[in-house]
Amino acid sequence: MGKEECKTMLDALNKVTACYRHLVIALGSTSDSQNLREELKRTRKKAQELAVANRTKLTSLLKDKSISKEDRAEYERLWVLFSSSMELLEVDMKRSLEIGQDFPLKVPTRHLIQTGMTGSTTTVAARAMSVQNMKYEADSNIDTADLRELQCEIGQVSQMLEEMEMKVQVAPWAVEAKQEAGAELKSNMSVGNSSVGVISICEEEPKEEDGGGGGQGSGLGSICAVLVFIVIVGVALVLGYLVINMS
Amino acid sequence: MTIRTTRPQRDQHYRPRIHCLKKVEALVVEMQDTKSGVKGSEQKLNVTSIPHVITGKDIVTWIVNKMKNNTEEAQVLGTMLVAYGYIYPIQNHKKLVLCNDASLYRFQTPYFWPTQRWAAEDSDYAIYLAKRNIRKKGQLEPYEQAHYNHLHKWLNHKWDFIVMQASEQHKAGKERLKSDRVVLDCQERAYWIINRPPRRTHSAMDTGPERLLDPSSDEKITFDQYRRMNIFYQQTIMRSRVKSSVSLGALVKYVTTYKNHDPFLAPCLPSNPWQTDNDAYWTMNMRSVDVPTKMRVERWSFSLYELLVDLRGRDDFKIFLKKEFSGENLAFWEAAEELKWGTASSMSAKAETIFKTFLAPGAPRWINIDGRTMGLTVKGLEHPHRYVLEAAQTHVFLLMKKDTFFRYLKSPTYKDIQKKALSPEAHNFSPAQLEQNAQNRSPGIHPIILWQQEEVEKAKAAAAAAPIDVKAMMSKVDRKK
């Protein structure tokens with residue numbers, strides 16, 4: 001059905017936007033590199049493809065006059081999701097242009113800020129592109145050529161957003177959210193309300209220097225540890241009994 | 001390539017308003033240079049160690065060497081860097097100062113620098129709070145929880161998007177190295193402490209109303225502007241000047257009289273409402289309070305202008321003048337003020353009444369001004385305008401100042417009110433009480449109620465100020481005899 005397709009595509013766009021945000025934050029810092037610039041380029045190309053696809057789908061759905069009121073409300077909600085994603089993406093793209101211009105890579109001495117980030121962002125980009133491994137093929141003038149392309153793409157995105165606002169008559173403030181406050185604490189969200197899997201609560205938290213929070217996370221871990229301990233003690237008792245019986 | 005979009009700008013043109021940010025940026029880039037900048041070290045957490053951490057002491061020494069100033073100035077400059085968000089403290093993350101000791105700091109990533117021409121939007125903040133909610137499993141700090149609830153109400157139409165984006169960003173973050181995750185979390189937290197500061201955190205961000213100018217852009221001054229600047233400066237030189245001994249003497253006199261009354265220089269009793277959220281100071285100094293505070297009464301003795309400008313003081317002065325039967329000067333002064341500040345349509349009517357009551361020969365409240373001024377005023381009243389009574393008003397004011405004011409200061413009325421005046425004690429709130437005060441702020445008195453009270457006062461004053469009929473008084477006195 002049209003709705004399910006829309007929802008999966010919006011999910012994908014959402015994922016790509018989130019990954020793009022992560023990549024842009026790393027720009028200009030010590031984890032910046034040629035690879036990062038290429039990852040940014042690929043991610044935003046993918047984002048644009050998804051955006052165009054989403055837009056055509058949603059506009060065709062919304063133009064259909066013969067849909068029921070609930071359906072229309074649902075499509076408006078999806079439209080608001082889509083336009084918020086696009087606005088976020090546009091801002092991030094503009095910011096990446098600014099930072100990219102301020103911190104060029106092809107100069108003899110690079111002035112990248114020592115922020116403490118050292119790892120690479122390959123895995124994030126791989127997640128965005130939904131591939132297992134990223135392959136890099138960029139040539140050496142990634143700086144200038146990439147930035148020019150980026151300006152063009154920003155122009156395209158702005159134009160698309162402008163068209164969207166002019167042509168589609170959706171009042172964003174009239175949409176009611178389906179999630180209530182604190183909904184993110186439950187299992188991972190997708191556009192549809194089905195919960196796919198449960199996140200593990202007790203995973204490794206980045207320990208904060210002030211030691212705040214995170215106390216509850218170790219509860220489940222400690223229960224697991226206690227169970228394992230009991231099992232080991234039981235096995236030891238059984239073995240001991242056997243040993244005593246033997247001798 | 002610029003695209004002129006006709007898209008309605010739903011957000012304001014955000015322009016960081018602080019001029020110095022470009023220069024500060026250059027300084028920061030130099031500071032973090034591996035060869036000539038501040039030496040970084042590693043920070044050891046449980047199993048990971050994160051590089052590029054710097055101590056406050058090192059920063060201060062580096063600034064002293066680079067800018068050739070002393071330690072205090074370097075510390076102030078460093079505090080500015082922290083307050084703008086270029087460097088963030090790791091240990092005491094809410095206190096945005098640079099301590100000249102071994103406390104640890106780290107550089108902020110350029111995405112979160114304040115020079116970015118993008119305002120810290122509410123939707124971004126909502127996404128951040130949702131992510132924090134996931135990480136902290138619902139245990140947000142109280143101010144964060146308040147913001148969260150507020151944003152949930154006002155950004156409700158985008159809430160699905162916010163939740164989805166927050167969970168996706170959280171999951172994407174898990175793909176990175178553990179140390180990078182910690183650093184990213186610290187960076188975001190520092191950014192939002194600067195842009196949405198919790199109570200009593202002093203952030204230096206200043207957005208203010210929208211301006212058409214961009215303060216960070218370079219300005220080219222044209223030839224015509226230079227020409228006009230030159231003319232202006234030449235004319236300034238030709239102005240008549242006051243000797244600096246005279247002007248400085250006046251300044252010194254002003255400062256010595258008013259220094260205890262200035263809320264910046266002296267503590268405000270009982271407590272400054274802007275700092276402690278307790279409005280006892282304002283309720284005690286209202287217009288229609290029975291017993292004024294000692295500071296207020298002392299202020300009345302500085303000059304007649306202070307006495308008249310404070311309406312409570314004016315009331316007191318009126319009581320005194322009534323006893324002395326010389327209230328017509330003050331009444332004329334008030335009437336002239338009303339004419340100056342009143343509506344244009346009521347001016348001719350007011351001018352008529354003023355003439356009949358105060359200036360006509362044989363008027364019930366005739367004021368005693370010299371012949372020349374009287375002649376000018378009467379002539380001007382034929383075609384009344386706002387400032388027609390200016391000369392007479394000044395004369396009357398001087399009369400009051402030179403004669404009545406000093407008698408007032410020595411009078412039993414004034415001495416009485418000096419004795420009765422309150423001297424409130426200073427409040428001494430603990431931080432918990434300050435939080436309590438902040439949450440229980442009252443909206444204050446509604447302006448309509450204040451206006452009604454004022455109308456009542458005016459009616460009473462009008463009734464009480466009905467011109468004392470001299471003949472009736474004399475006949476009463478005769479009858480007593």
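**Where the chains meet**

Modeller: In this predicted model, the area buried between chain B and chain A is about 7,300 Å², and carbon and sulfur atoms give 56% of that area. Counted by residues, 73 of chain B are in contact with 81 of chain A.

Colleague: What makes B:K158 and A:E87 a salt bridge?

Modeller: The closest N and O atoms of B:K158 and A:E87 are 3.9 Å apart, and the rule asks for a side-chain nitrogen of Lys or Arg within 4 Å of a carboxyl oxygen of Asp or Glu, so the pair qualifies. Across the interface of chain B and chain A the rule finds 3 salt bridges, and there are also 10 residue pairs in polar contact between these chains, counting pairs with both residues at pLDDT 80 or more.

Colleague: Which element gives the most to the side of chain B that touches chain A?

Modeller: That is α6(B), with 13 residues. By class, this side of chain B has 29 nonpolar, 23 polar and 21 charged residues.

Colleague: How do α15(B) and α18(B) cross, and which classes of residue make their contact?

Modeller: The axes of α15(B), residues 328–341, and α18(B), residues 390–410, come within 10 Å and cross at roughly 145°, and the crossing is left-handed. Among the residues making the contact are B:F332 and B:W333 of α15(B), together with B:V396 and B:F397 of α18(B). The residues of this contact divide into 8 nonpolar, 2 polar and 3 charged.

Colleague: Why are the bond from B:L269 to B:P270 and the phi of B:K137 worth a remark?

Modeller: Most residues other than glycine have a negative phi, and most peptide bonds are trans, which is why exceptions are pointed out. The peptide bond from B:L269 to B:P270 is cis, with omega near -5°, and B:P270 is found in the loop between α9 and α10 of chain B. B:K137 is not a glycine, although its phi is positive at about 55°, and its place is in the loop between α4 and α5 of chain B.

Technical notes
Residues are numbered from 1 along each chain as its sequence is written. Chains are lettered from A and ligands numbered from 1 in the order in which they are written. This is a predicted model: local features need pLDDT of at least 70, side-chain atom pairs count only at pLDDT 80 or more; totals for chains, interfaces and linings use all residues. Side-chain values use heavy atoms; hydrogens and water are left out. Contact means heavy atoms within 4.5 Å. Buried area is the accessible area (1.4 Å probe) that two parts lose on being put together, summed over both. A polar contact is a pair of N or O atoms within 3.5 Å; within protein, one must be able to donate a hydrogen and the other to accept it, and residues adjacent in sequence count only if both atoms are side-chain atoms. Helices (H or I, at least four residues) and strands (E, at least two) are DSSP runs, numbered from the N terminus. Ala, Val, Leu, Ile, Met, Phe, Trp, Tyr, Cys and Pro count as nonpolar, Asp, Glu, Lys and Arg as charged, and the others, Gly among them, as polar. Axes are lines fitted to C-alpha atoms, for helices over the stretch in contact, and angles run from 0 to 180 degrees between N-to-C directions. A crossing is left-handed if the near helix is turned anticlockwise from the far one by less than a right angle, and right-handed if clockwise.
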